Amino acid sequence: MSNRLLQLARSATPPGAPALVVNDWPDDGSRPDPAASLPSAVRLITLTGSARNRLTRWARRQARPVRVLLALRRAGVHRRDLAAVYLPLNLFNLTTWAVLRAFLRRPVTVDVLERHDAAQFVRGRLTPYFIRHRWSSFLAGQLADRVITISETLGHHFAGRGRPVLVVPPQVDCAQYTCAEPPQLAGGLRLLYAGSPGPKDLLAVILDGIRQLPEPERLRVHLVIAGVSRDQAAALPQLSTADLEAVADRVTFLGRVPRDRVLTELRQAHFSVLVRPEAGYSRAGFPSKVPESLAAGCPVLLNHTSDLARYIHDGREGIVLAGSTAEAVRYGLQRALALDDAQWRRMSQAARARALDFDYRSWASVVSSFVADGTVDGSAAPGRSANAASSSALSR
């Protein structure tokens, strides 16, 4: 289950009421154990059926809103039991809006996590995924009763279209994380990158920054990469075999690993590292790995994009890079290498404290009021600015 969906469902549900999550798992082997542990306040309903070919998969997607209604009926859930409906943007279309709005008669809130640029795709504006994404964004700006966005940039976009907007950054459950316990810095600097590198995450820049370090400093740096194998990284257009060979002894590729393994690596890292370009989609999104790192007490080494400047201050919760270049990464690494254990522990403690700004419990009151009543802090929110709508008083 998407962490965004899970935590937002928990914060959107008034205390004492269950969050009902209806999920349509793809037939790709990702369906979890039916007995998997979920928070007591979350009830999961999984849509049944399977798709054997492209035609049946297409038919299942088109019929998803009707299948949701049937699943609710089988589960004994009535319209009067629901306060509101929440959907991620990629499931929002005309059919879904019309069916759910007509039969459930509850306000529909759409959660928007990103705004893609045509330059991200080889075929540009002709890319089918890009066309669907922009069409869904347009519909949300016209039809959604309420909009939750992950960043101020997206919040301003939808507020400008008259939608009631609430800005909610990525959320975490801080109770799930234990403090980081990396080795002493005298033994070297341990870094972690977790994710899917590409145009959005500049892994090649991180590796080049390590390569540019003077040899005595480079030998004190070790980077663990979770999410891709070495062969997958070598296939990225931004990387070459020569780039990888130059830092081969300083990098460990884990490939795709379970979330528990990522959290273990996070607890053993001095910094999680993230470099993103100054581009439209970087300003619109918000990297969920940042609050997860903070919750684990692992400071972040990154450049400011999106709303990160509100939460990450240089030298406090992490080290802020001057830009998205290899030179900026090299200088940031040199600053990290100059830390002693006491300085790093203070930074780790500040990271843990900042993570409370992302804990779903901190957002429960404002999110549940907005989703159910369309209000923020007791006042109506139609067309309000993103800043006003996100007034949770969390940013310190």
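**Entry 1**

Helices (H or I, at least four residues) and strands (E, at least two) are DSSP runs, numbered from the N terminus. I looked up phenylalanine 138 with that in hand and found it in helix H5 (residues 128–143). The model is a predicted one, in which local features need pLDDT of at least 70 and side-chain atom pairs count only at pLDDT 80 or more, while totals for chains, interfaces and linings use all residues. Residues are numbered from 1 along each chain as its sequence is written, and side-chain values use heavy atoms, with hydrogens and water left out.

Is phenylalanine 138 buried or exposed, or in between? It counts as partly exposed because its relative accessibility is 44% (buried is under 20% relative accessible area, exposed is over 50%, partly exposed is in between, with a 1.4 Å probe and protein chains only). I then noted a nonpolar surface patch made by Leu94, Trp135 and Phe138, with about 320 Å² of accessible area together. Patches take residues with over 30% relative accessible area and no salt bridge; like charges are joined within 9 Å, and nonpolar side chains (Val, Leu, Ile, Met, Phe, Trp, Tyr) within 5 Å. The areas come from the Shrake-Rupley method with a 1.4 Å probe, and for residues only the protein chains shown count as cover.

**Entry 1: the second largest pocket**

I looked up the volume of the second largest pocket, which is about 260 Å³. Two elements give two or more residues to its lining, helix H3 (64–74) and helix H4 (94–104). H3 supplies the largest share, five residues. Among the lining residues I wrote down Val66, Leu69, Arg73, His78, Phe103 and Leu104.

For the terms: on a 1 Å grid over the protein atoms alone, a pocket is an open set of points where a 1.4 Å probe fits, with protein on both sides within 12 Å along at least five of seven lines, and lining residues have an atom within 4 Å of a point. Grid points are joined across faces, edges and corners, and the volume is the space filled by probe spheres set on the points.

I checked arginine 105, in the loop between H4 and strand S4 (108–112). Its phi is near 55 degrees, a positive value in a residue other than glycine. Arginine 105 counts as exposed because its relative accessibility is 55%. Serine 306, in the loop between S11 and S12, also has a positive phi, about 50 degrees, and is not a glycine. Most residues other than glycine have a negative phi.

**Entry 2: salt bridges**

How many salt bridges are there? I found a count of 17, where a salt bridge is a side-chain nitrogen of Lys or Arg within 4 Å of a carboxyl oxygen of Asp or Glu.

One of them joins the side chains of glutamate 245 and arginine 230 at 2.9 Å, N to O. This pair links distant parts of the chain, 15 residues apart: glutamate 245 is in helix H10 (residues 241–246) and arginine 230 in helix H9 (residues 230–234). Glutamate 245 is partly exposed at 49% relative accessible area, and arginine 230 is partly exposed at 30%.

Arginine 250 and aspartate 249 meet in a salt bridge at 3.9 Å, N to O. Arginine 250 is buried at 14% relative accessible area, whereas aspartate 249 is partly exposed at 47%.

I also looked up arginine 335 and aspartate 314, whose side chains meet at 3.1 Å, N to O. They lie 21 residues apart, with arginine 335 in helix H14 and aspartate 314 in the loop between strand S11 (300–303) and strand S12 (318–321). Arginine 335 is partly exposed at 26%, and so is aspartate 314 at 42%. Salt bridges that share partners join Arg10, Asp173, Asp359 and Arg361 into one network.

Buried residues of H14 include Ala326, Val329, Leu333 and Leu337.

Leucine 339 lies in the loop between H14 and helix H15 (341–355) and is buried at 17% relative accessible area. Leucine 339 and leucine 104 are 235 residues apart in sequence and 57 Å apart in space, C-alpha to C-alpha. Alanine 296 and tyrosine 177 are 119 residues apart in sequence but 5.3 Å apart, C-alpha to C-alpha. Alanine 296 sits in the loop between helix H13 (289–295) and S11 and counts as buried because its relative accessibility is 1%.
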